[in-house]
Amino acid sequence: TEIRDKEHADFVAEEAELVETGNMLSRAVGILERELAKGGAAMLQLKNAAGLSQALSALVDVSVMSSADASKLRAFVQSSQRAGEADEDLQPGAPEAAVYEGHAGNIVDTLEDLQEKAEAQLDEVRKTETQNLHNYEMLKQSLEDEIKYAN
């Protein structure tokens, strides 16, 4: 049960982080769409941004997004890029991992893609937790039955 408790604690932490990331991405998309609609100062800086990292910095500079949110989003982008590169190593012939900087030329599309990726990761984490819990319950029942009927 100690191993199961550790697995569950890891799941809870990872789930919370992915939910928070999804929420941040959702807020960032909303902010960008709102700024695009009104053509604010952030949009002038965003149009000159060479990539997602500079775009996030521009949003922080005009106080549209907190620096903590921007840092977490950058970390998520970097981990997504590393995961994409690892997947590419496993799949010869796959197209080169698209670096999120300037992906599709549209920051909003990039953030929406990242949001989808975060949701997919969250679904996978939840699926794994459900499977781990089921396996634990089955093993526990099996051992209890073995003890019960051995006597």
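The structure is a predicted model, in which local features need pLDDT of at least 70, side-chain atom pairs count only at pLDDT 80 or more, and totals for chains, interfaces and linings use all residues. Residues are numbered from 1 along each chain as its sequence is written, and side-chain values use heavy atoms, with hydrogens and water left out.

**Overall make-up**

The protein chain has five helices and zero strands. Read from the N terminus, its elements follow the order α-α-α-α-α. Helices (H or I, at least four residues) and strands (E, at least two) are DSSP runs, numbered from the N terminus. Of the 151 residues in the protein chain, 28% are counted as buried. Buried means under 20% relative accessible area, exposed means over 50%, and partly exposed lies in between (1.4 Å probe, protein chains only). The accessible areas come from the Shrake-Rupley method with a 1.4 Å probe, and for residues only the protein chains shown count as cover.

**Salt bridges**

A salt bridge is a side-chain nitrogen of Lys or Arg within 4 Å of a carboxyl oxygen of Asp or Glu. The whole structure contains four salt bridges.

| Pair | N to O distance |
|---|---|
| R4 and E7 | 3.2 Å |
| R4 and E129 | 2.3 Å |
| E15 and R126 | 2.7 Å |

Which residue forms a salt bridge with E129? The partner of E129 is R4, and their closest N and O atoms are 2.3 Å apart. This pair links distant parts of the chain, since E129 is in helix α5 and R4 is in helix α1, 125 residues apart. The side chains of R4 and E129 also make a polar contact at 2.3 Å. A polar contact is a pair of N or O atoms within 3.5 Å; within protein, one must be able to donate a hydrogen and the other to accept it, and residues adjacent in sequence count only if both atoms are side-chain atoms.

R4 is buried because its relative accessible area is 8%. E129 is likewise buried, with a relative accessible area of 9%. E7, in contrast, is partly exposed, at 32%. R4 and E7 are three residues apart in helix α1 (residues 2-38), so about one helical turn separates them.

The side chains of E15 and R126 form another salt bridge, at 2.7 Å from N to O. This pair too links distant parts of the chain: E15 belongs to helix α1 and R126 to helix α5, 111 residues apart. R126 is partly exposed, with a relative accessible area of 36%. Salt bridges with shared partners join R4, E7 and E129 into one network.

**A negative patch**

D109, D113, E116, E119, D123 and E124 form a negative surface patch. Patches are made of residues with over 30% relative accessible area and no salt bridge; like charges are joined within 9 Å, and nonpolar side chains (Val, Leu, Ile, Met, Phe, Trp, Tyr) within 5 Å. Lys and Arg count as positive and Asp and Glu as negative, while His and the chain ends are not counted. The place of a charge is taken as NZ of Lys, CZ of Arg, CG of Asp or CD of Glu. D109 is located in helix α5 (residues 107-150). D109 counts as partly exposed because its relative accessibility is 32%.

**A buried phenylalanine**

F76 is part of helix α4 (residues 67-90). Its relative accessible area is 8%, so F76 is buried. The C-alpha atoms of F76 and L114 are 8.4 Å apart, although the two residues are 38 residues apart along the chain.
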